[in-house]
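This report describes one model in short sections. The sequence and structure come next.

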Amino acid sequence: MEKLELKKLLKRIKSNDCEVPYGLNPYELSLVMIDNIGDTDSELRDELILSKLSKWIIEGTLSTNEVNRLLMISKKR
């Protein structure tokens, strides 16, 4: 997924109270977000990626197993 496409999608999710649109898998989207978590665009990184991931973790949108997999991926980078 291109950076601009990801940013547009995350803005739409943000405006919809962080609800993942029907048909999108939150874990698969999280993998794309992890790929872009180090971006220099602070809006994308901080306001969209980090805030959504943390909310999904806290609220249980992502399972414990999925969170652990994301952490393992992050450790390898």
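## A charge over a ring

Which residue lies over the face of Tyr27? Arg69 does, at 4.7 Å from the ring centre. A charge sits over a ring if NZ of Lys or CZ of Arg is within 6 Å of the ring centre and within 35 degrees of the ring normal.

## Basis of the model

The model is predicted: local features need pLDDT of at least 70, side-chain atom pairs count only at pLDDT 80 or more, and totals for chains, interfaces and linings use all residues. Residues are numbered from 1 along each chain as its sequence is written, and side-chain values use heavy atoms, with hydrogens and water left out.

## Fold and extent

The chain has four helices and zero strands, where helices (H or I, at least four residues) and strands (E, at least two) are DSSP runs numbered from the N terminus. Along the sequence the pattern is α-α-α-α.

The C-alpha trace spans about 25 × 25 × 20 Å along its principal axes.

## Helices α2 and α3

The axes (lines fitted to C-alpha atoms over the stretch in contact, with angles from 0 to 180 degrees between N-to-C directions) of α2 (residues 26-35) and α3 (residues 42-59) come within 10 Å and cross at roughly 145°.

In α2, Pro26, Leu29, Ser30, Met33 and Ile34 meet Leu48, Ile49, Lys52, Leu53 and Trp56 of α3, contact meaning heavy atoms within 4.5 Å.
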